[in-house]
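Dear colleague,

Please find below the structure for your review.

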Amino acid sequence: MSKVIQSIRGMHDILPDQSPVWNYLEGTLRELFIQYGYKELRTPVLESTKLFSRSIGEVTDIVEKEMYTFEDRNGDSLSMRPECTASCVRAGIQNGLLYNQQQRIWYIGPMFRHERPQKGRYRQFYQAGIETFGIPGPDIDAEVIAVSARLWKRLGLKNVELQLNSLGSNEARNKYREVLVSYLKDHEDKLDEESKRRLLTNPLRVLDSKNPDIADIIKAAPQLLDHLDAESEEHFERLKLLLTEMGIPFVINTRLVRGLDYYCRTVFEWVTTELGTQGTICAGGRYDGLVEQLGGKATPGLGFAMGLERIVLLLEEQAIETPTQSPDIYMVMQGEAAENTGLKLTETLRDELPGLRIVNNAAGGSFKSQMKRADKSGAKFAIILGDNELTENNVILKPLRNAEPQIQVAQEALKDHLQTTIFTGQT
Ligand code: ATP
Ligand code: MG
């Protein structure tokens, strides 16, 4: 016999038992984004490879070693999207959504990176995020951060810290890069191989190193915040003031540079210590040069992306209760005549009470086995229809989650009874 086919390493099924928390998270996100006036943009999973090499940057981890890139049957180089900002910018330029206007956009969907799978790090993972276009000032930076802050509040997540930094303008960053390179060259003998390589290709990323052996060198390095241009400094001061006004605490992390090339000015991350080394649950920043870099007219942009698996892990870690999808009622029907009446009755109830969740027993079975299924379904009540009930035009309503007695309810009165029982929680 051939071996059973497995899913690809680092790519997981979200099983029926796990999906209620995902549905809840996604529903909460959708409502939140809409509440702030954002509209969804859905882009394809596959894009031209050059979209990512041009935007994320040739010498980033993502483009160098994490992308799923292949030639399609026409010989075109395609990549599975590793993130969605580049796709949003591409779609925005292509559809004339960016020039001379303001946009507030959100997205959700799977992203793909060939990384070493571990807790909180996968090869297919979900991101949700927002992108804003055409708004240059720190007011929108504050809004974007407020959206993320409100998500944690709404979900009841605790112990997530907002870390904030400013990368300054591109010119200021280039000047700082020189200062940093000359400092790092003085300490080159103590750097690890990865950092030596980054020193040549993307020196700011050395600051991103998690290697404890070089932590001291990084700590003593000249700081970007001391090399900001005046405008970026003003932008950053105003952002900090607005965050303070809105009651959103933050800490400044001068070593926060983000992995992608395209950021300028504001960068931020939401970090928790409760998920080991995969502690960043949301990351974002400003990318004023990106639209032009991808062939559009110069348009300021800003956004964030959050890793949904990590948020689900954190919800579990903090034992936060999320709504179940258990049915209200499991319909137990004994015999064909009871099925005839029962299926009709439940369709009528679904018409009358669209919020009611009813699962019908299927494929018959003894009373005992039907009651077992009823219990396993997680339903609050069983409605039982047998010969007696058919003759008397009533049903038995049996609570399944407490010791209260079962009662008889006339079929005619069932809707009103359920309305008070289920929707106001009384029996
Ligand atoms: P990390 O430093 O953890 O690799 P990153 O800087 O590569 O993150 P971004 O590209 O900024 O991550 O993506 C935004 C968010 O998406 C991350 O903060 C994280 O929550 C999530 N994320 C990124 N890569 C993965 C992955 N491989 N698996 C699960 N979630 C991920
Ligand atoms: Mg990464």
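The notes below treat the ligand site and then a sheet.

This is a predicted model, in which local features need pLDDT of at least 70 and side-chain atom pairs count only at pLDDT 80 or more, while totals for chains, interfaces and linings use all residues. Residues are numbered from 1 along each chain as its sequence is written, chains are lettered from A and ligands numbered from 1 in the order in which they are written, and side-chain values use heavy atoms, with hydrogens and water left out.

Around ligand 1 there are 14 residues (a heavy atom within 4 Å); Arg-113, Glu-115, Arg-121, Arg-258 and Thr-280 come nearest. A side-chain N or O atom of Glu-115 is 2.6 Å from a nitrogen atom of ligand 1. A backbone N or O atom of Tyr-122 lies 2.9 Å from a ligand nitrogen, and one of Gly-307 lies 3.3 Å from a ligand oxygen. The protein covers 87% of the 580 Å² of accessible area that ligand 1 has on its own (Shrake-Rupley method, 1.4 Å probe). Strand 10 gives the most to the shell, with 3 residues (strands are DSSP E runs of at least two residues, numbered from the N terminus).

Elsewhere, an open sheet of 3 strands has the order 2-4-3 with antiparallel pairing (at least two DSSP bridges between paired strands). Its edge strands are strand 2 (46–48) and strand 3 (69–71). Strand 3 is joined to strand 4 (residues 77–80) by 3 bridges, and Phe-70 has Leu-78 as its bridge partner in strand 4.

Yours sincerely

Technical notes. A polar contact is a pair of N or O atoms within 3.5 Å; within protein, one must be able to donate a hydrogen and the other to accept it, and residues adjacent in sequence count only if both atoms are side-chain atoms. Helices (H or I, at least four residues) and strands (E, at least two) are DSSP runs, numbered from the N terminus.
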